[in-house]
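This briefing goes through one structure by topic. Please look over the sequence and the fold before reading on.

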Amino acid sequence: MAELEKCVECGKVMKDDTHAPYCKACDDKLDKQFDTIEDNVLIFKELLDSEIEILKKFETEDIEEFFKRVYKKFKDDGNLNNESLIVLNKLKSSFNLTESKMGLPQITVIKETKEDKLLKNNQCPGCEKGVQKDFNLCPYCGYRINKDFNSKY
Ligand SMILES: [Zn+2]
Ligand SMILES: [Zn+2]
């Protein structure tokens, strides 16, 4: 008798013989999480460690496709800035991806600075008080949050 195959995620015995690691329900659930992560990366330019853990349940090819889609979207939208490059670099290093293998040009390596980190946490890099990322200037200390903003005064 063949050994019973269990879902890697929930441990449920699977009756079908597709040899997939996950049962149908878990597969659907993971696919949804994958889509949510992709949205978060595109909208918030953020990739949490918990999200990386979820992505680790997928095949490398899935991650490569994910990377390519996100890269293309950033590029097409003219959003290939430091913030998005940090996310791409994080994704790249977490999954040992290489640009050449994915047919992409070399991605600029950006180190996340203290300033980037504070801004991501909605804190002013100048005084570390709570601010909104879309503020031009910090209302507390006048720090120029939006680097493209030119004060008229
Ligand atoms: Zn399952
Ligand atoms: Zn400030």
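This is a predicted model: local features need pLDDT of at least 70, side-chain atom pairs count only at pLDDT 80 or more; totals for chains, interfaces and linings use all residues.

**Helix H3**
- Helix H3 runs over residues 60-76, and its 17 residues should span 24 Å at 1.5 Å a residue. The C-alpha atoms at its ends are 24 Å apart, which agrees.
- Ile63, Phe67, Val70, Tyr71 and Phe74 are the buried residues of H3. Viewed down the axis of H3, they fall within an arc of 100 degrees, so they line one face of the helix.
- Exposed residues Glu61, Lys72 and Asp76 sit on the face of H3 turned away from its buried side.
- The cover over the buried residues of H3 includes helices H1 (24-44), H2 (49-55), H4 (82-94) and H5 (99-102).

**Nonpolar core**
- The largest nonpolar core has 13 residues, and those touching the most other members are Val41, Phe67, Val70, Tyr71, Val87, Leu88 and Leu91. At least two residues of this core come from each of H1, H3 and H4.
- Not counting residues up to four places away in sequence, phenylalanine 67 touches Leu91, Leu97 and Met102.

**Leucine 119**
- Leucine 119 belongs to helix H6, residues 114-120.
- Leucine 119 counts as partly exposed because it has 17 C-beta neighbours inside 10 Å, whereas a buried residue needs 20 or more.
- Neighbours within four places in sequence aside, leucine 119 contacts Pro125 and Lys133.

Notes. Residues are numbered from 1 along each chain as its sequence is written. Chains are lettered from A and ligands numbered from 1 in the order in which they are written. Helices (H or I, at least four residues) and strands (E, at least two) are DSSP runs, numbered from the N terminus. The expected span of a helix is 1.5 Å times one less than its number of residues. A residue is buried if 20 or more other C-beta atoms lie within 10 Å of its own, exposed if 12 or fewer, and partly exposed in between; C-beta atoms are placed from the backbone. The arc is that of the directions from the helix axis to the C-beta atoms. Two residues are in contact if their C-beta atoms, placed from the backbone, lie within 7 Å. A nonpolar core is a set of buried Ala, Val, Leu, Ile, Met, Phe, Trp, Tyr and Cys residues joined through C-beta atoms within 7 Å.
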